[in-house]
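Biologist: Hi! Could you walk me through this one while I have it open?
Modeller: Happy to, let's start.

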Amino acid sequence: MATFFGEVVVAPSRAGVDDEESAEEAGEETPEDREIRRELEKKREIDVLWTLKSGASTESSAGEPLACSTFIVAIGHHAAAFLSSFILDSVCWEVVGVVKLWNEWCRTSNTTNVLPTDSFCLFYRLISDPTVLLCQCSCYVAEDQQFQWLEKVFGCMRKEGLQVTILSTCPVADYKTQESTLTLPSPFLKALKTKEFKEQVCCPLLEQPNIVRDLPAA
Amino acid sequence: MFVPCDGGGGSASSDFKGFTLLVPAVSVGNVGQLATDLVISTLDMTKVGYFYTDCLVPMVGNNPYATAEENSMELSINAEVYSLPSKKLVALQIRSPFIKNKYRPFCQTLLSWVKSSKCARVILLSSSHAYQRDDEQLLGTPLRYLLTPDLEKAVGGLMQELNWKEMEKVAAYPGINDTEKVLHIPGGGITKLLFTESCSKGIQMAVLLKFCSEGDNIPDAFALVNYLNEWLQLIKSEVNTSSQWKTPSSWRLLFGNGLPPALF
């Protein structure tokens, strides 16, 4: 593509097509490349650690799947803060798990004593009804880790009769509407629901052509 | 990877024996995906399932082909399959880019699904960077086709009749050695990989692509879908074919919201 000044530049494609990808397919991977890639993949792996009643941490793979009737997931700082301010307290809720992950944007640890400004991903359980689970995920889960997060977290739960509610935020500027977003009264709520969700939704449904992406979408 | 829908007619809906499969490549201008949107929307194809895959960036929204309040509330995700048994047509729509390093596993899984679902042939809708054309390609039609050897035997003659132009190969080492020619589809995403893999696996695949640039790619989508229609005759091709393709409701506001009145 030539610019107005006459220089030729490579235009970035909306389709996300990279030239480096075609270079990759040109040659075979050497054993060293494979080793480096494997190490990087291992570094980007997600660990879900559940704290049992005895207080000992254990890998999620050991033990029975958790019985769960309601699972509320808050993704992002705002949603996590909402839960901290209005729902969570140390009397009714106990910490039962943590997700440990690393990516270029953030790192979480397996400590459950976190500050609101930290990046963390914690699971809480309602003491009076242990089938009610809550997840606060204020860390950024990268594209290649989202599926893993999904499989490892939901893999620990029994899915029969499970109702999942996902809380998330998006910038108003990203909202597509006929009018300008400048005059739109914000903040406002929109919802997406599956066919199986039969209850009344407390706000209007998200209109086309708006979409949700990343971890809430996964 | 393929998960059939429950209400879509049971096992019959996932039997694609003898069907033609339309697949878009995530490529420059998203032309293949836009063209697939036009086909699904115009022919009112029914969703029969989706791909459960970790290879594409997750996304979800409400039904992009909604025509009324009643059908606007069905969730839609990044890789869904639509079918029209009356025309023996099945289409896969891909709505998000590939996650880094995942395009190869996706291609492999896709091709093995093609084989297991017994589709007769696959048509890959794609595009390529217009600025990479050579002097000859700058003249004439910007549309090209490619056929795997197995499909060449079946429809090669038809391509001659339609007066279509085959995608030219380029020199592997330009300027140094002009005799060795390779297929080069810049900006085509997984097009070349899918095509070469299909050739070696004996899958009947055709690639239909258009040279284009990023921008308003709606006219490119119309051109590609009319090109497809010359072959498949999905809709009656009259003089003004552009007006017979129905654009889906999700194409609204492609270039941003309304302007704030305070601007003026």
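Modeller: Chain A has five helices and eight strands, where helices (H or I, at least four residues) and strands (E, at least two) are DSSP runs numbered from the N terminus. This is a predicted model, in which local features need pLDDT of at least 70 and side-chain atom pairs count only at pLDDT 80 or more, while totals for chains, interfaces and linings use all residues. Residues are numbered from 1 along each chain as its sequence is written, chains are lettered from A and ligands numbered from 1 in the order in which they are written, and side-chain values use heavy atoms, with hydrogens and water left out.

Biologist: What pattern does chain A follow along the sequence?
Modeller: Chain A reads α-α-β-β-β-α-β-β-β-α-β-β-α.

Biologist: And how much of chain A is buried?
Modeller: Of its 218 residues, 32% count as buried. Buried means under 20% relative accessible area, exposed over 50%, and partly exposed in between (1.4 Å probe, protein chains only).

Biologist: OK, aromatics next. How many aromatic pairs are there over all chains?
Modeller: A search of the whole structure finds 19. Rings of Phe, Tyr and Trp (its six-membered ring) pair if their centres lie within 6.5 Å; planes under 30 degrees apart count as stacked, over 60 as edge-to-face and the rest as tilted. One of the pairs is A:Phe147 with B:Tyr52, which is tilted, at 5.1 Å centre to centre and 50° between the planes. That pair crosses between chains, from helix α4 (residues 143–154) of chain A, which holds A:Phe147, to the loop between β3 (46–51) and β4 (59–62) of chain B, which holds B:Tyr52.

Biologist: Switching to charges: how many salt bridges over all chains?
Modeller: The search gives 14, a salt bridge being a side-chain nitrogen of Lys or Arg within 4 Å of a carboxyl oxygen of Asp or Glu. Among them is A:Lys190 with A:Glu207, 2.8 Å from N to O. These partners are 17 residues apart, both in the loop between β7 and β8 of chain A.

Biologist: Which bridge in chain B ties together parts 48 residues apart?
Modeller: B:Lys102 with B:Asp54, whose closest N and O atoms are 3.1 Å apart. B:Lys102 lies in the loop between β7 (89–94) and α2 (103–116) and B:Asp54 in the loop between β3 and β4, so the bridge joins parts 48 residues apart in sequence.

Biologist: And what about a bridge within a helix of chain B?
Modeller: B:Lys201 and B:Glu197 form one, with closest N and O atoms 3.0 Å apart. Both lie in helix α4 (residues 191–201), four residues apart, about one turn of the helix.

Biologist: Last one: where is A:Cys202?
Modeller: A:Cys202 is in the loop between β7 (163–167) and β8 (211–213) of chain A, and it is exposed because its relative accessible area is 72%.
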